[in-house]
Amino acid sequence: MNASDSEKEDTEIEVIAITPNEENSKLMKKEKKKKKKVSLKDAEKKGGVCYMSRIPPHMDHVKLRHILSQFGDIQRIFLAPQDSSVQVPAKRSRGSRDQAYSEGWVEFGNKSVAKRVANMLNGEQIRGKKRSSFYYDLWNIKYLSKFKWDDLTEELALKKAIRERKLAVELSAAKRERDFYLSKVDQSRALSAIEERLKKKQKIQKDSGPVEKVIRHFPQTKPIVADAKKNKPELSDDILDAVFGGSQVMY
């Protein structure tokens, strides 16, 4: 048996030994992904969502999670930023103004916990540290029965599409108004330029005095007389005989 043959056998054995491990690792990864998907689906089925109709000033998702996490496991939090047109100017704290939020959604890991927290906190004082700006604010929280987090994402996507469509309509209307305004400005400029030229012309005429009308005379040929045919010389009979060879037509 040659050395080259032994080396080939060794490589074949190594390949056969490695491939099952790679396949096992791929299968393990697929199973982990499936387990994660199943766990997320189970969590969504077990979880409950609470709605907050008002977010106190200077409160964000970090502070809200810190306060509500003492009552139960929190999965996700979403706070909707307040519209800049509706936002009331607040006092600046530490040289900068915090982001204001209009409403929010909190997903708890268990439906019963979410329902209990909503019934317990709704209408009650937030409390916490007395130095906090929302110490004396009240909770406005409600449990949403049969409401899933996917419903929230769909609703937010719909609101975003409506907002973008409305913005596009407003932009097109503003563009039309701008074009109409610019066209009117151009017309007014043209009319004002015409009026200025007329005023200048009138001023020049006043300064120079009355202008005499200039009558120009052009040489003209005499008109043709109506009886010009009578004055034409007629051809004699002798000339006609010479031309037509003596044949005359009698009329």
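**View 1. Strands β1, β2 and β3 are among the elements that cover the buried residues of helix α4.** The model is predicted. Helix α4 runs from residue 149 to residue 208, which makes 60 residues. From first C-alpha to last, α4 reaches 88 Å. That is close to the 88 Å expected at 1.5 Å a residue. Which residues of α4 are buried? They are Trp-149, Leu-152 and Val-185.

**View 2. The whole protein has 6 helices and 4 strands.** Along the sequence, the order is α-β-α-β-β-α-β-α-α-α. The protein has 251 residues, and 16% of them are buried. It exposes about 21900 Å². Carbon and sulfur atoms supply 56% of that area. Take the contacts with a separation of 6 or more: 69% of them join residues 24 or more positions apart.

**View 3. The largest nonpolar core has 23 residues.** Leu-64, Leu-68, Val-106, Phe-108 and Trp-139 have the most contacts inside this core. At least two core residues come from each of β1 (48-52), α2 (61-68), β2 (74-81), β3 (101-108), α3 (111-121) and β4 (141-144). Which element gives the most? Helix α3 does, with 5 residues. In soluble globular proteins, nonpolar side chains tend to be buried together. A second core is separate and has 7 residues. Val-49, Ala-80, Leu-144 and Leu-152 are among them.

**View 4. Phe-108 is one of the core residues with the most contacts inside the largest core.** What does Phe-108 contact, leaving aside neighbours within four places in sequence? Its partners include Gly-47, Gly-48 and Cys-50. Leu-68, Gly-72, Asp-73, Ile-74 and Gln-75 are also in contact with Phe-108.

**View 5. Helix α3 has buried residues along one face.** Val-113, Ala-114, Val-117, Ala-118 and Leu-121 are buried in α3. Seen down the helix axis, these residues fall within an arc of 130 degrees, so they line one face. They pack against β1, α2, β3 and β4. Just after α3 comes Gly-123, with a positive phi of about 85 degrees.

**View 6. Glu-103 sits in strand β3.** Is Glu-103 buried or exposed? It counts as buried, because its relative accessibility is 18%, under the 20% cut-off. The side chains of Glu-103 and Tyr-51 are joined by a polar contact of 2.5 Å.

**View 7. His-58 and Lys-146 each have a positive phi without being glycine.** The phi of His-58 is about 65 degrees. His-58 lies in the loop between β1 and α2. With a relative accessibility of 25%, His-58 counts as partly exposed. Where is Lys-146? Its place is in the loop between β4 and α4. The phi of Lys-146 is near 60 degrees. Lys-146 is exposed, with a relative accessible area of 79%.

Conventions
Residues are numbered from 1 along each chain as its sequence is written. This is a predicted model: local features need pLDDT of at least 70, side-chain atom pairs count only at pLDDT 80 or more; totals for chains, interfaces and linings use all residues. Side-chain values use heavy atoms; hydrogens and water are left out. Buried means under 20% relative accessible area, exposed over 50%, partly exposed in between (1.4 Å probe, protein chains only). Contact means heavy atoms within 4.5 Å. Accessible areas come from the Shrake-Rupley method with a 1.4 Å probe; for residues, only the protein chains shown count as cover. A nonpolar core is a set of buried Ala, Val, Leu, Ile, Met, Phe, Trp, Tyr and Cys residues joined through side-chain atoms within 4.5 Å. A polar contact is a pair of N or O atoms within 3.5 Å; within protein, one must be able to donate a hydrogen and the other to accept it, and residues adjacent in sequence count only if both atoms are side-chain atoms. The expected span of a helix is 1.5 Å times one less than its number of residues. The arc is that of the directions from the helix axis to the C-beta atoms.
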